[in-house]
Amino acid sequence: MAANFIPVKVHIKEQKQVFDRFGAPWTPTQIVVDAEGEERHRVEGFLPVEDFLAQLELGLGKLKFHQKRFTEAEKRFVSVCDGSPESGGAPEACYWAGVARYKETDDASHLGRAGELLKERYPESEWARKASVWLH
Amino acid sequence: MLVRRIKMTQIPWQKDVDAALEQARASGKPVLIDFSAAPA
């Protein structure tokens, strides 16, 4: 993890001011903050390790996306969408993988493919509903 | 997935958020902040 993040752990009994500063009213909460100090991803509540790791990967994807490094972002999103398809973050990752691919290529057909994938694989997810606008 | 192989107990957690943000600016790496209430 140290290869990808600078990890910081703060305890409610020791650094309550940090909880307030970042708006963390519940534990566990993890946030990914970029080098400019902007929050890019947040996980609230306990997750099993595999789900948690998928969320970290999703966070790295969002970080790259905001940096407009769409190829790298897509790689992170696809690794969750296809590599951890049972994880809770997978539908969101599939959605953003399609968006990153679209931003990278300017080819809107990638949005449609993402929408089809979400409709087939995660029909009840909010991400499938969000992507439904891309379906023809 | 790069982070999959990491064991959570081996993470070199820091405690100083501002020092970590300074390191982030220098290195370009993001900061992961874990807000915890778990017994030490």
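## Chain B at a glance

Chain B keeps things simple, with one helix and one strand as its secondary structure. The model is a predicted one, and in it 25% of the 40 residues of chain B count as buried.

The contact draws on 27 residues from chain B and 33 residues from chain A. On the chain B side, helix 1 (17–27) and strand 1 (31–36) each supply at least two residues. Sorted by class, that side of chain B has 18 nonpolar, four polar and five charged residues.

Four strands make an open sheet with mixed pairing, in the order 1(A)-1(B)-2(A)-3(A). Strand 1 (6–11) and strand 3 (39–44) of chain A sit at the edges with a single partner strand each, so one side of each lacks a neighbour in the sheet. From one strand to the next, the twist averages 15°.

Strand 1 of chain B pairs with chain A in two ways. With strand 1 of chain A the pairing is parallel, over six bridges. Along that pairing, A:I6 stands opposite B:V31, and A:H11 stands opposite B:S36. With strand 2 (residues 29–33) of chain A the pairing is antiparallel, over five bridges; here A:I31 is found opposite B:I33.

In a regular strand, side chains alternate between the two faces of the sheet.

Helix 1 of chain B lies across strand 1 of chain A together with strand 1 of chain B, and runs at about 165° to strand 1 of chain A. Helix 2 (residues 49–66) of chain A lies across strand 2 and strand 3 of chain A, at about 160° to strand 3.

Helix 2 of chain A is mostly covered, with 13 of its 18 residues buried. Its end C-alpha atoms are 26 Å apart, which agrees with the 26 Å that 18 residues should span at 1.5 Å a residue.

How many residues of helix 4 (residues 90–105) of chain A are buried? The count is 12 of 16, so helix 4 of chain A is largely enclosed by the rest of the structure. The buried set includes A:A93, A:C94, A:Y95 and A:W96, along with A:E92 and A:R101. These buried residues pack against helix 2, helix 3 (70–81), helix 5 (109–121) and helix 6 (126–131) of chain A. From first C-alpha to last, helix 4 of chain A reaches 22 Å, close to the 22 Å expected at 1.5 Å a residue.

In soluble globular proteins, nonpolar side chains tend to be buried together. The largest nonpolar core here has 41 residues, and the members that touch the most others are A:A93, A:C94, B:V31 and B:I33. Leaving aside residues up to four places away in sequence, A:A93 touches A:L58, A:G61, A:F77, A:V80 and A:C81.

Most residues other than glycine have a negative phi, and most peptide bonds are trans. A few spots in chain A go another way. Just after helix 2 of chain A comes A:K68, with a positive phi of about 60°. A:K68 belongs to the loop between helix 2 and helix 3 of chain A. Is A:K68 buried or exposed? With 11 C-beta neighbours inside 10 Å, A:K68 counts as exposed.

Helix 4 of chain A is likewise followed by a positive phi, this time at A:D106 and near 60°; this residue is not a glycine. The loop between helix 4 and helix 5 of chain A is where A:D106 lies, and A:D106 is exposed, with 7 other C-beta atoms within 10 Å.

The remaining spot is a cis peptide bond, running from A:T27 to A:P28 with omega near -10°. A:P28 lies in the loop between helix 1 (16–21) and strand 2 of chain A.

Definitions and conventions
Residues numbered from 1 in each chain as written. Chains lettered and ligands numbered in written order. Predicted model: local features only at pLDDT ≥ 70, side-chain atom pairs only at ≥ 80, totals over all residues. Core = buried A, V, L, I, M, F, W, Y, C linked by C-beta atoms within 7 Å. Buried ≥ 20, exposed ≤ 12 C-beta atoms within 10 Å, placed from the backbone. Contact = placed C-beta atoms within 7 Å. Nonpolar A, V, L, I, M, F, W, Y, C, P; charged D, E, K, R; others polar. Pairing = 2+ DSSP bridges. Axes fitted to C-alpha atoms, helices over the stretch in contact; angles between N-to-C directions. Expected span 1.5 Å × (residues − 1).
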